[in-house]
Amino acid sequence: MTSLPSVNAAKSEPRVEETDPRGITPDPQWYKHAVFYEVLLKAFGDSDGDGVGDIRGLISHLDYIQWLGIDCIWIPPFYPSPGRDGGYDVADYTAVDPVYGTMDDFRELVEKAHDRGIRVIIDIVINHTSADHPWFQSSRSNPDGPYGDFYVWADDDAGYSDARIIFVDTETSNWAFDPVRKQYYWHRFFSHQPDLNFENPKVHAAVMDVFRFWCNLGVDGLRLDAIPYLYEEEGTNCENLPQTHAFIAKVRAMLDEEFPGTILLAEANQWPNDVVEYFGTDEQPECHMCFHFPVMPRIYYALRDQRATAIIDILRDTPAIPRDAQWGTFLRNHDELTLEMVTTEERASMYKWYAEDSRMRANVGIRRRLASLLGNSRAEVELAHALLLSLPGSPYLYYGDEIGMGDNIWLSDRDGVRTPMQWSPDRNAGFSTADPGKLYLPAISSLAYNYQAVNVESQLSQPASLLHWIHGILEVRSHHPVMGSGDFTLLDANNEAILAFTRSSESEVILCVMNLANTARAANLSIPHYAGWQVTDVFGGAGFPGVAADGSYTVTLGSRDFFWLKLEAPGVSEPAPREGARASETGETVDYTTLSKPSVEDAEPEATDEAEPGGEAALVHALERWVYRARWYRGEPQPLEVLSAATLAEESNRKFVWLLVRSGEIIYNVPVVSGGEAGLLTDAAQDPFGQRILLAACAGGTDFSSDELTLRSRALAAASYSSAHILRGEQSNTSIIYDGEPPVIVKLFRVFEPGKNPDVELQTALADTGTVPAQFGSARLEVEAGASSDVVEESDGLATGTLATDTLAADALTAQEFLRGGEDAWRVITAALASSSGALGDLEEPIRDLGKLTRTYLTELAERLGTAPASKEAIAAQRASWEARAERAMAQVPALGEYRRDITAIFDAGQAANWPDLQRIHGDYHLGQVLRTPAGWVALDFEGEPLRPLSERQAPDVPLRDVAGMLRSFGYAAGQGEREGAGPAMRAWLKAAQKAFLSGYGEIPRDQQPLLNALVLDKALYEVSYEVAQRPDWLEIPLSGVAQVLRLSDNKREALVGS
């Protein structure tokens, strides 16, 4: 039985010996392995009996925090404040609110926390102040005084109209009128929180002084609250502007110079592609850490959906971050569980699952604690923590969640999750000796979560309590630094309920497997790069069956169960006993966590494997551990054969080698960098030397050749950059972002397909039209006939076979401007639809412009690449494909069969229509393929569906097919809104949107209208089959599209959709 810690009866918490000070280690990257703990001062401990927690109360509980296993405490605002927003309305940046104590108390807190090896970070709220702040009072009363321009003032409230209102429950405008100054002031949050004017250099200087003040007191980090909103600019949404990033970089440079080791943490509730910018670059860093807001709601979504899909999708959409950066992850905190970063459909489901009572909702989110959100399910709470502690990033725990504290939805705003910490079953939960009526908020007294039952003292006495479980898993994690800084690789599982991934470094590999379902599940995992490896349970040291020789691994998990399994190569150590480690005869507990403790430091993530000499077998072995798990690898793993390995460039003792690797029927482009001091084989797209060569081949006008291969440059413009990183989320190819002015994105086509890639050919043709991003060039891989392996020296260990082909050429790379800050049309339109009543409003002109863009690029493609008459054979082939898709859809949805004659009539009319000449088109055109920039819309990704043969994607087609694709995409946007219950309003919106788009596109001859109808119907029927197979819940959207083309009555439409 696990031995219990001694308890300090006076404080109802573990006693930590004073002779065991840990102190602060000098590690500059301490934040990568730290566990953070958010403490609300007023909620944690009341030392003076006034009913409000304070600094000395926190000091008195530092032993508990140390025992729990916390590395850093995060303290929200404790500055003087009117308290109308939990202290985030600051009235004095360089003082302690007397209710919390004195500046000397704070100095003692930092000192005593550091003595225990615990760091301290604090909130700095620089976007806005309280209206009570002396700066604002001076600004409003003396416009010409020293603080007159410290805030954003205007004579009317018409400015910055594109900025959204964040607190939609309480605010109707981002402007508020001040009767003293008789002007409007700007506020992104509550009207009593005016925004500072960061266009004023004096504001910069004042804020920098605030940073220096607290850093001089010894704090270890600063959380930048509401950081995306510092600047305003007309024509933008006033979020994530370049000026904001420039200011953060200035703060970071000051901290690195004057207070090294002090971190910046960004609170940017944005999509990952926007948040990643707050890390900056390796050369010009900004924040050390950023919260990953979108991950958190998807953990909850997955638990009720009982599928891992939501988590997998957001992780795949998360871009790479700089080498020294780290995500911050969390399950709950002092705010509502925000649902801003989920789709409308996901939000509706979350409200239904977790906030059935309207009192549980606040703004765009849910104001509940972890335990009550999960129905007090111990299994779900444990699984959620297991995810938090193993997913990429450093975890942030919220005070009280370690004992399963509940909430009080009857309190106002977000106070329901900010109640006193429950230390004991005594009066006021041991938090305060005050009269219960004097407490800042009442302690929880509900049936399930009352403090007499749920408290620290009680759980310390129970070895199987949640508190002991959290303490134990934090202890285990502390012995596995790979969980904080190791590579993260998602694995394929043949069960949607199973989330599987590895955390890996040179010294350790841990396989994490989670069952999101509420029933037992089994799954087969594909991990061919660890074929034959030994498997050991991280917690108990028990040996598990090894990974099969073919790289498959079968797991069976109970309801809401999980495993952390250590993987070791054969021969590295003795296999662990199946019965696990046993306690010693002395009765002392066994330190199970040391059984899998790594012996060397984690490696940098770029290294894929060691390229040992030994010819093709050694090379293939190295590639298998990487290629099979790459997202661009298609299908199930098949044997690899290296057809060619050509050294195209050398630098010092490193070589840039282009591999052509066959697997099954597919040949892959696999450029690598070999050599170096460690003898590593590295993906060229992730290696600085490789990245430099890839850009030079596209935009530098430099050819790279060997005896067998030539990478032929077709540069259009020069490009320079300061740093580069992989764009995460790419599936078919690999994209690299080069940070420069302007930034450039290079796409590496992973499949070697002789011929012209449509993405290169079409965007090059459109380069000067303004319809696509600026093009910097491309590179073509030319393979000589009979190219052999002898071009690579034996010392490289890259000996290969022969590529037996005629001379071939294929597009390998393309480079274009990376439109940082651009927003795709799907996101623009669905965000606006959330508040639409059926009218297009401000969207009418942008949608019309989208139609103009479509007409422009199609016209330019026709003029530049030519057209061909639609022959009878081509028309007949199109008709046959329509019918095949219709038959498939009618077989899957029998109710469609009732309209067979109507469908046939529309196809007949389409076939008999006056067909325009065939030409090159986009081929996969929808709202997600169009980006809004300050200059207008641009179209992206002309590659077509990568799984279709290149010959099909190169063939001329009907230009109206792109029009039909976009019309159906509007149908999906409206359908999503209709699923939310908007009903007729969304149907009216759809008609208006399609009308505006066609108006912008221009006149379509009357004798071609039947063809457009047929193409729209064909697209909708294809979508029916897709949704039946992939997302049955969405089937109503394409069925509504079919009904629209067939012009069914409302009753028939409802009957079809309901079928």
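## A buried tyrosine and its partner

Tyr160 is buried, with a relative accessible area of 19% (buried means under 20%, using a 1.4 Å probe and protein chains only). Trp175 is buried too, at 8% relative accessibility.

This is a predicted model, where local features need pLDDT of at least 70 and side-chain atom pairs count only at pLDDT 80 or more, while totals for chains, interfaces and linings use all residues. Residues are numbered from 1 along each chain as its sequence is written, and side-chain values use heavy atoms, leaving out hydrogens and water.

## Rings that pair

Rings of Phe, Tyr and Trp (its six-membered ring) pair if their centres lie within 6.5 Å; planes under 30 degrees apart count as stacked, over 60 as edge-to-face, and the rest as tilted. That rule gives 61 aromatic pairs. One of them joins Tyr160 and Trp175, stacked at 6.0 Å centre to centre with 10 degrees between the planes. Tyr160 lies in the loop between strands S6 (153-154) and S7 (175-178), and Trp175 in S7, so this pair links distant parts of the chain, 15 residues apart.

Ring pairs also build a cluster from Trp30, Tyr31, Phe36, Trp74, Phe291, Phe293, Phe330 and Tyr396.

Now for some strands (DSSP runs of E, at least two residues, numbered from the N terminus). Three of them form an open antiparallel sheet in the order S17-S20-S23; strands pair if DSSP finds at least two bridges between them. S17 (492-493) and S23 (552-557) each have a single partner strand, so one side of each is left without a neighbour in the sheet.

Two bridges join S17 to S20 (521-526), and Asp492 stands opposite Ser526 in S20.

Note on methods
Helices (H or I, at least four residues) and strands (E, at least two) are DSSP runs, numbered from the N terminus. Buried means under 20% relative accessible area, exposed over 50%, partly exposed in between (1.4 Å probe, protein chains only).
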